Amino acid sequence: MGKSISAIFGSLLFSIFLLSGCANKDVALTAYENKDYEKAFAIWKQWADAGYANANIKIATSTLPQKISSNNDLIIKQLQQAYNNGSKKAPLLLEDLYIKQHNYTKAYQWFLKADLKLSNDHDVQNHLLLITSYLKTFTQQKEALQKLEEALKTNPYIAYRLGEFYAQKGIFYNLKKSSNLLSYAYAHNIQKAGIQKALILLYKLNKEEEALSLLYEIAKSQNSQAFLEIGKFLYHKKNQILDKYNQPCISCSFQNNYDFHIKKEKLYKIKEMYIKNNVIPWFKNAYQLGNEKGILFLIQLDLDNNNFKSHKQTYSTMDLNQTISYLQSISSQYEKANMLLAQIYTKYLFLHKKELAKQIYLHHLCVDPLNALWHLYLYEKKFNPNSKEQQNYLQKLLAQGFEPAKVEQAYLNILAQKQLTMSLRILQNAAKQKDINALRYLAQLQIKHHLRFKKTPCDLYRTICHIEPMNITNDLDIANYYLNNNDITKAAIIFQYYAQKQNPKAQLALAKIYELYCDDKKYFHYLEKVKKQGDQEVTFLFDKLILLGYKKTNNLKHSIQRVKHLADRGDPKAIELLAQAYSLGITLPYQPKKALYYYKQLEKYSLQESLKNQLKIYQQINIKGIYNHMIDNLYTQLIHIDEKEKINYATYLISEQKIDKAKGILLSLQKYKDDQVNYLLYKITNDPSYLYGAENSNNGNLLLEYSKLIASSKPYTALVYAFRSALCNTRSTGETIYKLMLQINNSTEILKLYNEAKQYPKCISY
């Protein structure tokens with residue numbers, strides 16, 4: 001009727017063991033927290049050896065092994081022992097450990113043993129990694145996915161991650177299945193599943209109303225990610241809103257300065273109001289709810305809208321220096337902060353930190369290789385165009401099938417006259433998909449390289465204008481299109497508008513227009529504005545104008561220092577500028593030997609040009625023939641590079657009255673049938689046979705001599721040739737033209753002859 005004494009005694013002993021065990025566990029935990037790892041390990045080890053799987057798990061998952069063991073053997077042993085002791089969690093932990101060791105074979109073995117219903121979010125991601133990276137056949141992958149799906153009824157995390165998985169492009173892409181799984185997970189209180197479903201509805205199924213309703217519902221529970229996604233979508237929506245006020249495209253259709261200015265300002269104000277009222281509040285709320293990404297998006301908007309250059313309040317309420325300090329303070333936690341810093345360093349060159357941007361992109365290779373390579377390519381394209389590094393980055397992107405890289409390579413191929421048909425097809429297909437770069441490149445190929453396609457440049461720019469109504473680069477491209485078509489007024493209106501908004505490209509373009517009109521004051525005014533923004537090329541141009549005497553300044557010393565610093569670093573443009581400055585003697589003292597020193601340094605960059613410039617210096621200082629030997633030697637080197645340099649050598653010998661030597665050189669060149677050779681031979685021999693065929697020549701000197709020869713017998717024909725010679729600025733044409741006009745003495749006939757001369761291709765002057 002009752003238990004035996006021994007049974008009661010055994011039960012009592014077991015209870016005492018449990019109580020003492022609980023106490024021991026508490027002691028172990030206290031020891032662990034006090035960093036007495038040996039004591040904690042000893043206690044947990046006793047329990048593990050007694051068959052308690054949880055003790056094995058405790059040893060394996062704590063930081064103990066790192067304190068008492070140099071490898072993972074102990075962890076594996078403890079987890080295997082835990083599995084043998086009946087732990088259902090151990091297989092999931094072993095799967096994770098082997099994945100971290102990239103031992104996918106063993107990881108998959110434990111995946112098969114695991115109770116998938118116990119998987120947490122991280123475990124599910126591990127399962128999917130194994131399925132996609134380790135399993136090679138479609139059948140194996142499908143079976144593993146089915147195994148996962150069987151467990152999702154009691155584990156909504158599996159439904160969430162599978163929902164994400166089926167929404168990705170690939171052989172298992174299935175939006176309907178994805179949406180159903182995400183709905184199931186969201187119904188089981190996984191809010192990020194609801195957010196993911198909303199994003200699919202927004203960007204893949206175009207069900208805007210349903211998606212926003214779902215996001216608003218999630219946002220009511222103060223979910224910061226929901227606030228972020230609503231803000232991002234509403235910002236994405238802005239172009240669609242703005243395009244309604246950009247019909248027809250303002251930059252393609254304005255009538256005058258007032259028309260352009262009023263319409264553009266209206267568009268800017270609508271954009272500003274839309275962002276402030278519909279976008280900013282969502283990002284601010286996200287940040288206030290503790291999501292740092294909220295303020296990162298505000299900083300991105302400040303950069304996109306150039307708010308740091310204007311004097312208005314920034315969206316983030318921080319100035320540029322405060323923004324940099326803030327981003328640096330969180331850069332170890334958020335990679336987005338690093339990428340924003342890189343963007344700042346490449347945008348605001350006056351900070352002189354663009355090299356730091358490249359370091360950030362190189363570090364980003366470990367985080368997002370494809371995105372990092374693209375940014376590195378764009379960096380080299382902007383700061384080191386046509387460099388080997390730029391081409392290397394492009395090739396790496398192409399090897400990974402990166403679509404924007406294909407567009408870049410196609411454009412470069414067409415410029416190099418390579419693979420024309422295929423490259424043009426790539427650009428046109430991308431343009432159909434509304435790729436902005438492809439549309440721009442197709443327009444530029446027509447404007448700069450005179451290719452012709454079905455869509456005109458204006459059609460292409462108008463397309464971009466409707467896709468991105470506030471695309472400043474496109475507006476500047478349209479301005480250059482006007483400039484190319486000699487509509488300088490319209491071009492200047494666009495450039496002026498954006499120059500006022502501190503756009504350096506617009507300011508530089510405006511400077512060049514004023515240079516054309518010889519308005520030095522405005523030319524230097526806009527160059528100065530670009531220079532202040534840290535543009536190194538314009539700073540060098542400014543220094544060049546100063547050193548060559550075109551611009552007066554009180555800071556000549558600074559310009560000389562900057563140029564010498566660049567020259568010391570081997571910059572060929574700076575070396576050439578110093579050579580020019582010393583050879584002119586305007587701002588630097590006239591020192592031909594220093595000029596020769598710098599020109600000689602340029603031999604490794606362009607030997608022929610360097611030798612020619614050295615020749616000019618020696619010819620300037622060749623008093624009483626003291627440098628004849630050097631001049632002869634330089635011409636010998638040039639002729640070795642290009643035999644036609646003999647023409648210049650002969651011209652020099654003629655000036656030195658060495659007629660016989662010059663004649664011998666010129667006669668050796670007659671095989672080339674060069675008109676300048678015939679002209680020089682005629683000048684030193686006065687033999688009219690060298691003017692044979694001159695009427696078909698395009699050489700200004702030969703045309704002029706032929707005009708003189710037939711002036712008395714054929715004055716009308718002679719005047720046509722004289723006019724042709726004058727039109728390419730051949731020297732000494734004035735006297736011949738004057739005599740022929742007196743001889744003809746008929747203004748109507750003379751005008752006809754002048755117009756006839758203009759119909760010929762422009763001649764070449766030497």
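**Notebook: cysteines and a helix**

I began with cysteine 518, which counts as exposed at 64% relative accessibility. This is a predicted model, so I am reading computed values throughout. Cysteine 366 is exposed too, with a relative accessible area of 71%.

Next I looked up the disulfides, and the count came to two. I found cysteine 249 joined to cysteine 465, S to S 2.1 Å. The torsion about their S-S bond is about 85°, so I noted this disulfide as right-handed. Cysteine 249 sits in the loop between α14 and α15 and cysteine 465 in helix α26, so the pair ties together parts 216 residues apart in sequence. Both cysteine 249 and cysteine 465 are buried.

My other pair was cysteine 728 and cysteine 763, with sulfur atoms 1.9 Å apart. Here the S-S torsion is about -90°, so the disulfide is left-handed. I placed cysteine 728 in the loop between α41 and α42, and cysteine 763 in the segment after α43. Cysteine 728 is buried at 6% relative accessible area, and cysteine 763 is buried at 9%.

Then I turned to helix α33, residues 572-584. At 1.5 Å a residue its 13 residues should span 18 Å, and I was pleased that the end C-alpha atoms are 18 Å apart, which agrees. At its start, a side-chain oxygen of aspartate 571 comes within 2.9 Å of the backbone nitrogen of lysine 573. After α33 I found glycine 585, with a positive phi near 70°. The buried residues of α33 include Ile575, Leu578 and Tyr582; among the elements covering its buried residues are α31 and α35.

Conventions
Residues are numbered from 1 along each chain as its sequence is written. This is a predicted model: local features need pLDDT of at least 70, side-chain atom pairs count only at pLDDT 80 or more; totals for chains, interfaces and linings use all residues. Side-chain values use heavy atoms; hydrogens and water are left out. Helices (H or I, at least four residues) and strands (E, at least two) are DSSP runs, numbered from the N terminus. The expected span of a helix is 1.5 Å times one less than its number of residues. Buried means under 20% relative accessible area, exposed over 50%, partly exposed in between (1.4 Å probe, protein chains only). Contact means heavy atoms within 4.5 Å. A polar contact is a pair of N or O atoms within 3.5 Å; within protein, one must be able to donate a hydrogen and the other to accept it, and residues adjacent in sequence count only if both atoms are side-chain atoms. A disulfide is a pair of cysteine sulfur atoms within 2.5 Å.
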